[in-house]
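Please read this report with the sequence and the model side by side, and look up each residue as it is named.

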Amino acid sequence: MTLSLDIGTPVNTALLIYILYSVQKIVFPPISNSKVVPHEFKQGYTWMPKAHAPTVLFQTYTPKTLTPFDGTDGGRILLAINGIVFDVTAGRSFYGPGGMYGNFAGRDASRGMAKQSFDTEMLTPIDQPLDKLEDLRPDEIENMKGWIDHFSNKYVICGSLVENDAI
Ligand code: HEM
């Protein structure tokens, strides 16, 4: 049995032209040069922004590579709690220079969060091994976990904190 398509009939010819037109629109989508940002999907499908939106890359940090992210240069602000690195740039008023919690910026804030304290001894010097938090009381660990919950709901997790010699 042979299948044949009679493209000679007007209906089939019209269908074939429509299919070819549809396929070329998919393969070669028209590029919109509109200067106006489209507000709905139909308009926006082929519209390209000038630059890609900023993205956050999940990375492994050490105490030493985390410190530059303290916001003093006006850049990103990161802090770590229990090995989880949060991008707290959106909370610059809290963690930026002069901010109430600026001491935690670029640092492992675990102990300070657990003990609810800004004391300088809460921060492990950046050239020393990570704070193992082994001496913390269960309620302090719970308090720290509460902060992890708070941060997870508010900020982006952008990495993990490992020992200086681990990478
Ligand atoms: C006099 C004592 C304190 C006052 C009046 C105070 C006040 C505040 C206020 C008003 C907020 C903002 C809440 C919000 O809008 O979400 C806040 C958030 C916060 N507080 Fe305190 N605080 C105090 C002590 C502390 C201490 C001792 C710590 C130590 C860990 C601490 C850590 C934080 C953190 C981490 C946040 C969350 C900021 C964020 O969402 O990024 N606070 N505090």
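The shell of residues around the ligand divides into five nonpolar, four polar and one charged, where Ala, Val, Leu, Ile, Met, Phe, Trp, Tyr, Cys and Pro count as nonpolar, Asp, Glu, Lys and Arg as charged, and the others, Gly among them, as polar. The shell is made up of Val88, Gly91, Phe94, Tyr101, Gly112, Met113, Gln116, Ser117, Phe118 and Lys154; a residue is taken as near the ligand if its C-beta atom, placed from the backbone, lies within 6 Å of it.

This is a predicted model, in which local features need pLDDT of at least 70 and side-chain atom pairs count only at pLDDT 80 or more, while totals for chains, interfaces and linings use all residues. Residues are numbered from 1 along each chain as its sequence is written.

**Domains and strands**

The protein chain is divided into domain 1 (10-44) and domain 2 (59-166), with bounds that come from an automatic or database domain assignment. Taken over C-alpha atoms, the centres of domain 1 and domain 2 are 51 Å apart.

Helices (H or I, at least four residues) and strands (E, at least two) are DSSP runs numbered from the N terminus, and two strands pair if DSSP finds at least two bridges between them.

| Strands | Direction | Bridges |
|---|---|---|
| β1 (residues 59-61) and β4 (residues 156-161) | parallel | three |
| β3 (residues 84-87) and β4 | antiparallel | four |
| β2 (residues 78-81) and β3 | antiparallel | four |

Single residues can be followed across these pairings. Thr60 has Ser160 as its bridge partner in β4, whereas Val85 stands opposite Gly159 in β4 and Asp87 stands opposite Val156 in that strand. Ile81, for its part, stands opposite Ile84 in β3.

**The nonpolar core**

A nonpolar core is a set of buried Ala, Val, Leu, Ile, Met, Phe, Trp, Tyr and Cys residues joined through C-beta atoms within 7 Å. A residue is buried if 20 or more other C-beta atoms lie within 10 Å of its own, exposed if 12 or fewer, and partly exposed in between, with C-beta atoms placed from the backbone. The largest nonpolar core has 20 residues, and those with the most contacts inside it are Leu66, Leu78, Leu79, Ala80 and Val85. Two or more residues of this core come from each of β2, β3, α5 (110-115) and α6 (138-154), and β2 gives the most, with four residues.

Which residues is Ala80 in contact with, leaving aside its neighbours within four places in sequence? They are Leu66, Val85, Asp108, Ala109 and Leu161, where contact means that the C-beta atoms of two residues, placed from the backbone, lie within 7 Å.

Gln116, one of the residues around the ligand, is found in the loop between α5 and α6. The phi of Gln116 is near 55 degrees, again a positive value in a residue other than glycine, and Gln116 is exposed because 11 other C-beta atoms lie within 10 Å.

Glu121 is also found in the loop between α5 and α6. Is Glu121 buried or exposed? Glu121 counts as exposed, because it has 9 C-beta neighbours inside 10 Å. The C-alpha atoms of Glu121 and Arg111 are separated by 9.1 Å, and these two residues are 10 residues apart along the chain.
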